[in-house]
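Subject: Structure handover

Hello,

Here is the structure I promised to pass on. Please open it beside this email, as my notes follow it element by element.

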Amino acid sequence: MILLDECLSPHVAMVQRDHVRLEWRRRYADSVLERARSVRWTCLCRATVYELYEGGGKAFIRRTVQLDRSPEIHDTFVYSIGEARAIWTGLLSGSAR
Ligand SMILES: [Zn+2]
């Protein structure tokens with residue numbers, strides 16, 4: 001990982017008490033990911049990094065917890081791009097997690 005002096009990507013806000021609880025599922029297989037690509041992501045300076053994947057008119061969010069040995073990766077359900085972008089906005093603002 002490249003360490004930057006300044007953070008270029010957004011950080012998630014502190015989670016709100018009445019936030020929407022996202023269901024984090026086992027990561028999708030690479031075959032599922034072939035048509036999707038990461039279009040937005042949060043800053044790598046935090047232990048937990050979120051990415052928005054879009055492709056083929058669908059989208060989901062991936063959560064990676066950077067651990068010492070290997071990262072712990074979970075994905076949300078697959079949504080329409082509009083729904084996933086709304087969830088992404090909620091993640092950043094702290095109203096979903
Ligand atoms: Zn940062």
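Strand E4 is joined to strand E6 (residues 79–80) by two bridges, and the two run antiparallel. Ala59 has Tyr79 of E6 as its bridge partner. Two strands count as paired if DSSP finds at least two bridges between them.

Before you read on, some ground rules. This is a predicted model, in which local features need pLDDT of at least 70 and side-chain atom pairs count only at pLDDT 80 or more, while totals for chains, interfaces and linings use all residues. Residues are numbered from 1 along each chain as its sequence is written, and side-chain values use heavy atoms, with hydrogens and water left out.

**The chain overall**

The protein chain has two helices and six strands. Along the sequence they follow the pattern β-α-β-β-β-β-β-α. The radius of gyration is 13 Å, close to the 13 Å that the globule rule gives for 97 residues, so the chain is as compact as a globular protein of that length. That radius is taken over C-alpha atoms, and the rule is 2.2 Å times the number of residues to the power 0.38. The C-alpha trace spans about 35 × 30 × 25 Å along its principal axes.

Of the 97 residues, 34% count as buried. Buried means under 20% relative accessible area, exposed means over 50%, and partly exposed lies in between (1.4 Å probe, protein chains only). The chain exposes about 6,700 Å², and carbon and sulfur atoms supply 51% of that area. Areas come from the Shrake-Rupley method with a 1.4 Å probe; for residues, only the protein chains shown count as cover. Among contacts with a separation of 6 or more, 54% are between residues 24 or more positions apart. Contact means heavy atoms within 4.5 Å.

**Strand E4 and its other partners**

E4 covers residues 58–65. Seven of its eight residues are buried, so the strand is mostly covered. E4 pairs with E3 in the antiparallel sense over eight bridges. Tyr53 stands opposite Phe60 of E4. Val49 has Thr64 of E4 as its bridge partner. The hairpin of E3 and E4 has two residues between the strands, and Gly56 takes a positive phi near 60° there.

E4 also runs antiparallel to strand E5 (residues 72–75), with four bridges joining them. Val65 stands opposite Glu72 of E5. E4 and E5 form a hairpin too, with six residues between them.

**Strand E3**

How many residues of E3 (residues 48–55) are buried? Six of the eight are, so E3 is largely enclosed by the rest of the structure. Four bridges join E3 to strand E2 (residues 37–41), and this pair is antiparallel. Arg37 stands opposite Glu54 of E3. E2 and E3 form a hairpin with six residues between them.

Gly55 is found in E3. Its relative accessibility is 22%, so Gly55 counts as partly exposed. Leaving aside neighbours within four places in sequence, Gly55 is in contact with Arg35 and Ala36. Gly55 and Thr76 are 21 residues apart in sequence and 15 Å apart in space, C-alpha to C-alpha.

**The zinc site**

Which residues supply the protein donors of the zinc ion? They are Cys7 (SG), His11 (NE2), Cys43 (SG) and Cys45 (SG), lying 2.1 to 2.3 Å from the ion. Along the chain these donors follow the spacing C-x3-H-x31-C-x1-C.

Donors are N, O and S atoms within 2.8 Å of the metal (3.2 Å for Na, K and Ca); water is not among the atoms, so sites may look incomplete. The four donor atoms subtend angles of 106 to 118°, which makes the arrangement tetrahedral.

Cys43 is buried, at 7%.

Best wishes

How values were computed:
Tetrahedral: all angles 85-135°; square planar, octahedral: opposite > 155°, others 65-115°.
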